[in-house]
Amino acid sequence: MMKKKSVSARKASLVLFLCQMISALDVPLDSKLLEELSQPPTITQQSPKDYIVDPRENIVIQCEAKGKPPPSFSWTRNGTHFDIDKDAQVTMKPNSGTLVINIMNGGKAEAYEGVYQCTARNERGAAVSNNIVIRPSRSPLWTKEKLEPNHVREGDSLVLHCRPPVGLPPPIIFWMDNAFQRLPQSERVSQGLNGDLYFSNVQPEDTREDYICYARFNHTQTIQQKQPISVKVFSMDSLNDTIAANLSDTDIFGAKPVTERQPVLLTPTGSTSTKVELRGNVLLLECIAAGLPTPVIRWIKEGGELPANRTFFENFKKTLKIIDVSEADSGNYKCIARNRLGSAHHVISVTVKAAPYWITAPRNLVLSPGEDGTLICRANGNPKPDISWLANGVPIAIAPEDPSRKVDGDTIIFSHVQERSSAVYQCNASNEYGYLLANAFVNVLAEPPRILTPANKLYQVIADSPALLDCAYFGSPKPEIEWFKGVKGSILRGNEYVFHDNGTLEIPVAQKDSTGTYTCVARNELGKIQNEVHLEVKDPTMIIKQPEYKVIQRYGQASFECVIKHDSTLLPTIIWLKDNAELPDDERFLVGKDNLTIMNVTDKDDGTYTCIVNTTLDSVSASAVLTVVARPNPPFDLELTGQLERSVELSWIPGDENNSPITNFVIEYEDGLHEPGVWHYQTEVPGTQTTVQLKLSPYVNYSFRVIAVNEIGRSQPSEPSEQYLTKSANPDENPSNVQGIGSEPDNLVITWESLKGFQSNGPGLQYKVSWRQKDVDDEWTSVIVANVSKYIVSGTPTFVPYEIKVQALNDLGYAPEPSEVIGHSGEDLPMVAPGNVQVHVINSTLAKVHWDTVPLKTVRGHLQGYKVYYWKVQSLSRRSRRHVEKKILTFRGNKTFGMLPGLEPYSSYKLNVRVVNGKGEGPASPDKLFKTPEGVPSSPSFLRITNPTLDSLTLEWGSPTHPNGVLTSYILKFQPINNTHELGPLVEIRIPANESSLILKNLNYSTRYKFYFNAQTSVGSGSQITEEAITIMDEAMASRQVDIATQGWFIGLMCAVALLILILLIVCFIRRNKGGKYPVKEKEDAHADPEIQPMKEDDGTFGEYRLFSFVSSAPF
């Protein structure tokens, strides 16, 4: 089955319709075809139904129509034929039905008032226009009337009536004064819909003599003016005098004060009213109230809501406006006027009626002989309109009969039409509020097929897009269309094709193999015709590398890429746009083959950049945004407000953030009085804040500036604010960091940190320095010094405590009472040495020293601690001259003992103790002698293995460098090592201390041994030393080695073996130094010297270590 569907709007450019049809027969708007086809008349242009004309200009009543043959025109006036040939003032435009009535040459517009209707007729039928009512515009003068002055009491309501003349169309009303200035209006004074001026309550300022109502008639461009109206408002203060001088009726104008009044509606009157409006019009409802205070108006709809998006309030909410009203807007609308004394309301019952409006208007019908069709005319309204039909402008009931036609209410049914059935039908829908008139023709044609698409037309499309091959045709009856591919191809069918009603063949997804020649065949009972077209399918254009979003700092460089791929037979053009417009004419914009580069970007380069690639068949585009960021612009318009003695509010306007949000503002100040030109940090606030309350100090001439900060950096400072000089005051604070420390034994140096300039709070900054000896003097000694930071008190006792205070003052007075600090006069060296020095030796490397504290009075200063001087006198295991190192340990505070670590075993030491204060060290205590016990020795100084034989090795060694006592023996351990480095049984030998060599016998031949050697004292074993050695091979092999020892190859082999052994020894040496895997090494680690342990210093027992060196000539 062939697939058909309606032509979309995109494809309609290929086939334009003459008019909309009910039947399947379309008439294309082809000029050659239209010249040959007959067509009934169609009205194309006409004047409006209600036509108000300017009586000073010619009257032009339009009536244009088309048809084939061209129609002739005639007119009726007030229902009778209008013979234009008999009126010299009336002419009809050539080839047109438009009438021109010449008024400017002596005619009068009033003479041509009436109802006009135009008829356009040809051999196929007659079309008629609407009834056109011609009325000339009128702008009558105001009737003369005597206007009395309005005398009104203050607070009363007042209505100034306009009563404009009745014009056509109605005039526009407005109120002005003698100077042609519009009178101001408000909730209290406003103009009503009828043009009157309403005062809810009058005030003295309403007194004037030139309230003038103007009526503007737009059609004639004239303005009519009413006589001025005078209003005099009497205030309560002057009312008694006015009454006495001019009036007799004091009951009307009593000297009562202005009294407030609850609302009363001025318009509309009563509690209810009605309003009728037509569908589609604008509904205007009005409520104006009197009252004091001025009432406020509110609108509601009873039982519903005011329509959203169509409701507006005008004239200070006194007018409710609803646009495009419909029947659903009918109902009761209540206005409520309210002030603080009460309220008043009025209900307006609104009914929405409707002039006729189309539901389905009749549409032109083109049929072939013998076909059927219908004309449908459906309209609605309120009340429901009556439907009547006319044929060629004549009521259908009296029109010539047509056997193919049957009228059924709002429908005319046509059956088996013939060419003589052609006519123009009029449908009239009318009710009491208006009418609708529509023309629709029935055109019966008999025509053989025609193909309107040019022969051999070439179509080019992009692959994977639809291909539309046109076959615009016409014929009556409607021809059947078939498509073929190729000259001798079969008819096209299947889901891959779509066949449209207008003859177009659609290939929804054209591919490369869709390329070729296609043939369209049109046939009906009167004939057959065919046409060929050609299709080429191209590769699509693609952007394979699109521009990307860029964030560039100002004056940087931005580059966008646009790399494309396209069909080789198509010539692409690349266009770059900025914000959908051409690139700026600027040499900074460099357009390359596939890129756009912007040099030295500025803020104005911000925007969206689009790369558009066009070919004759397709267009692709890609866009990217360029955001130019920079440091923010400086804030501006700094303003100081709320100036108080100790605070001020600073506000500013942020500068442009330059696409990077402002994170914070930094506020700085300048003290023009003390440090002009120097800016100090004051505070900072978040970037969303533009005001800040600043705390101020007295006697400072402040200027402020603001710096904006974003992620890019800091802005330039703003312009300084105005200066603000705060008043002088007593100092708020005293100097800080007050100290009393003597520099000599007989003085006290009092120091402090001076106040900064803005801390002085006033001129004449000085300091009152006070002191007294603690717990001795009752009276303070005081001096006032200039703006300095030190004062020296002389003649003081040595190192006694003083109470000290320093108070700031200026010309206005003193700062608050300062807090006291304790200082001391100058220190002197301690007088005595610590006594009862005792030494307790803990082990061979650690001793504990005790002493008695010295009396505090003898310290003569701040006790800082004790120093222990100690040094080695001699080693008990050897005698020699040596370089003596004197060591010092300092123990902070009032300690009475300390630990001496790192001593050498089996040695004699001396020490003394001294007390320390801030001035220095006191005398030393007598030297104390103590000795350390024996310890374990160090490792032997060397171990050599010589003279290897088949079963023996000779060992030689040196005594330990540090015996740390009397050597008792040496311990030798050894064990064999096989080829896989596994250790054999361990053998131990004890050797007397006086020996220095040993021959080991009964060893295995050609075997490697590992030796472990250490010395011992009575305390225990010392560190061991290790070596390895190999016994030689058997004697026979040794003999053979002698026999071949002179052979060259043997010498080379031995060299290679020696090198290999050397490498192996190096590896073993490295492994041994790293700890190795030998059990002896593990034992060494497991039997470490218990005396070699880290010493804890948590309790401060070990003090601070110092080293002094000297050479001693005493024997050791």
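Which side chains meet in a salt bridge at 2.3 Å, N to O? The pair is Glu 260 and Arg 340, where a salt bridge is a side-chain nitrogen of Lys or Arg within 4 Å of a carboxyl oxygen of Asp or Glu. Before going further, some ground rules: this is a predicted model, with local features needing pLDDT of at least 70 and side-chain atom pairs counted only at pLDDT 80 or more, while totals for chains, interfaces and linings use all residues. Residues are numbered from 1 along each chain as its sequence is written, and side-chain values use heavy atoms, leaving out hydrogens and water.

Back to that pair. Glu 260 sits in the loop between α2 (239-246) and β20 (261-267) and Arg 340 in the loop between β27 and β28 (342-360), so this bridge ties together parts that are 80 residues apart in sequence. Helices (H or I, at least four residues) and strands (E, at least two) are DSSP runs, numbered from the N terminus. Arg 340 is exposed, at 63% relative accessible area, whereas Glu 260 is partly exposed at 38%; buried means under 20%, exposed over 50%, and partly exposed in between (1.4 Å probe, protein chains only).

Searching the whole structure turns up 39 salt bridges. One of them joins Arg 135 and Asp 50 at 2.9 Å, N to O. Since Arg 135 belongs to strand β11 and Asp 50 to strand β2, the pair ties together parts that are 85 residues apart in sequence. Both ends come out as partly exposed, Arg 135 at 28% and Asp 50 at 43%. Arg 279 and Glu 327 also meet in a salt bridge, at 3.7 Å, N to O. Here the link runs from the loop between β21 (272-278) and β22 (283-286) to the loop between β26 (319-322) and β27, so parts that are 48 residues apart in sequence are tied together. Arg 279 is partly exposed at 38%, and Glu 327 is partly exposed at 31%. Elsewhere, Asp 177, Arg 208 and Asp 210 are linked in a network of salt bridges.

Now for the nonpolar side of things. A nonpolar core is a set of buried Ala, Val, Leu, Ile, Met, Phe, Trp, Tyr and Cys residues joined through side-chain atoms within 4.5 Å. The largest such core has 30 residues, and Ile 59, Ile 61, Trp 75, Ile 101, Tyr 116 and Ile 134 have the most contacts inside it. Strands supplying at least two residues each include β2 (50-53), β5 (72-77), β9 (114-122) and β11 (132-136). The largest share, three residues, comes from β9. Beyond its neighbours within four places in sequence, Ile 101 is in contact (heavy atoms within 4.5 Å) with Asn 58, Ile 59, Ile 61, Gln 89, Val 90, Tyr 112 and Tyr 116. A second, separate core has 22 residues, among them Ala 463, Cys 471, Leu 505 and Leu 535.

β24 pairs with strand β27 (residues 331-339) in the antiparallel sense over six bridges, pairing being called if DSSP finds at least two bridges between two strands.

Phe 1069 is partly exposed, with a relative accessible area of 42%.
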